[in-house]
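Hi everyone, thanks for coming.

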Amino acid sequence: MSDTLLIGLYALAAGGVVGLAGAAALRLLRGRSILAHILILLVVTVLAVVAGVATVAQAMFLSAHDLWVVLITVSASAVISLAVGAVFGSRLAASAVWAQTAWDRERRLEASRRELVAWVSHDLRTPLAGLRAMAEALEDRIIHDPAVVDEYHRRIRVETDRMTRLVDDLFELSRINAGALRLVPTTVPLRDVVSDAIAGVAPLAARRRIHLVAADSGWPHVRAGERELARIVSNLLINSVRYTPEDGSVHIAAGHDSDDVWLAVSDTCGGIPGEDLDRVFDVAFRGERARTPAVAGSGAGGGLGLAIVRGLVEAHGGRVDVRNTERGCRFEVRLPAT
């Protein structure tokens, strides 16, 4: 057997042992992150080279000094290879994770868009059919009772207002998603914004016997767009009133800490299913109540209210979260204190 073939067999045997050990390690760690798998592959590759060189050098009966020189040279190269591979491997892993996250988010957005189109189509088709029927009845003078005619006029106005709110929500959401939202930050007293929002939702709360409770103190000033901040507070209050059973209560409070100004709206809705907590701010998500009729006059739309809240809060550099409490759930908005 020629020396070249013998050297190749020695190197192949040494590399094969390292490769088998690496395959076993990858199998044991198959549930770990992409970066861990990349690092294991790098280590296996480098160790296979080092083992092959060391085995061949030993088989060639090099002197102790020459063998030591070979090992130092190979080890130095291995360290450099591992360092460079680890740096670029981490970037590759991060890119892969980012790409997967972006893909998953795009799939969720696409699903939300499909749901939005379906639900908005339903929310528009139903009142339009009613408007058409009432308009035809009035036009053909089928209805003669003045009280019924007045009721038809009232219902036409109510349904028109509802569709107007839905179109406004769609326009607002499109501005947020398109990056066309232009904030004009001013120093806003949060108490005044909350007072106006409570006054706006009070008629709905009164009809459903929902008790609105605002904290007596602790109201800070916040740097934000006044119109957008009013929309955030109003949408949160309407959402809580809409899903709180009759004779329930909605509490609103605010405060500030070293970094943030916070606003919290708590209700007695009974809580949100755990699997839905991460989806309540998605476009068109309305949970199980999507199949039940909306509360009259609540401004119910295509499940856009909380999605608009999240978009407006993030446009201010803040965040919004929800968690279940003992009797319901608590929505908390945090904006930079600046």
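So, how many salt bridges does the structure hold? There are 16 salt bridges, a salt bridge being a side-chain nitrogen of Lys or Arg within 4 Å of a carboxyl oxygen of Asp or Glu.

Before I go on, some housekeeping. This is a predicted model, where local features need pLDDT of at least 70 and side-chain atom pairs count only at pLDDT 80 or more, while totals for chains, interfaces and linings use all residues. Residues are numbered from 1 along each chain as its sequence is written, and side-chain values use heavy atoms, with hydrogens and water left out.

Now the overall layout. The protein chain has seven helices and seven strands; helices (H or I, at least four residues) and strands (E, at least two) are DSSP runs, numbered from the N terminus. Reading from the N terminus, the order is α-α-α-α-β-α-β-β-α-β-β-α-β-β. Of the 338 residues in the chain, 35% are buried. Buried means under 20% relative accessible area, exposed means over 50%, and partly exposed is in between, with a 1.4 Å probe and protein chains only. And if you take contacts (heavy atoms within 4.5 Å) with a separation of 6 or more, 74% of them are between residues 24 or more positions apart.

Side chains of opposite charge can pair when their charged atoms come close. Take Arg162 and Glu159, whose closest N and O atoms are 3.8 Å apart. They sit three residues apart in helix 4 (residues 146-177), so about one helical turn separates them. Arg162 is partly exposed at 24% relative accessible area, and Glu159 is partly exposed too, at 22%.

Now look at Asp169 and Arg231, which form a salt bridge with closest N and O atoms 2.3 Å apart. Asp169 is in helix 4 and Arg231 is in helix 6 (residues 226-243), so this pair ties together parts that are 62 residues apart in sequence. Are these two buried or exposed? Asp169 is buried, at 13% relative accessibility, and Arg231 is buried as well, at 17%. Both belong to a network of salt bridges that links Asp169, Glu172, Arg175, Arg227, Glu228 and Arg231.

Let's move over to strand 7 (329-336). Glu332 and Arg330 meet there in a salt bridge, 2.9 Å from N to O. Glu332 also has a polar contact with another side chain, that of Arg334, at 3.0 Å. By polar contact I mean a pair of N or O atoms within 3.5 Å; within protein, one must be able to donate a hydrogen and the other to accept it, and residues adjacent in sequence count only if both atoms are side-chain atoms. Arg334 lies in strand 7 and is buried, with a relative accessible area of 17%. Its side chain makes a polar contact of 2.8 Å with the side chain of Asp257. Leaving out residues up to four places away in sequence, Arg334 touches several others, including Asp260, Trp262 and Val313.

Val313 brings us to helix 7 (residues 305-315), where it is one of the buried residues, along with others such as Leu306, Ile308 and Leu312. What covers the buried residues of this helix? The cover includes helix 4, helix 6, strand 6 (319-324) and strand 7. After helix 7 comes Gly317, with a positive phi near 80°.

Speaking of phi, most residues other than glycine have a negative one. Arg141 is not a glycine, yet its phi is positive, about 55°. Arg141 lies in the loop between helix 3 (64-139) and helix 4, and it is exposed, with a relative accessible area of 64%. Arg209 also has a positive phi of about 55° without being a glycine. You'll find Arg209 in the loop between helix 5 (190-207) and strand 2 (211-214), and at 47% relative accessibility it counts as partly exposed.

That's the tour. Happy to go back to any of these spots on the screen.
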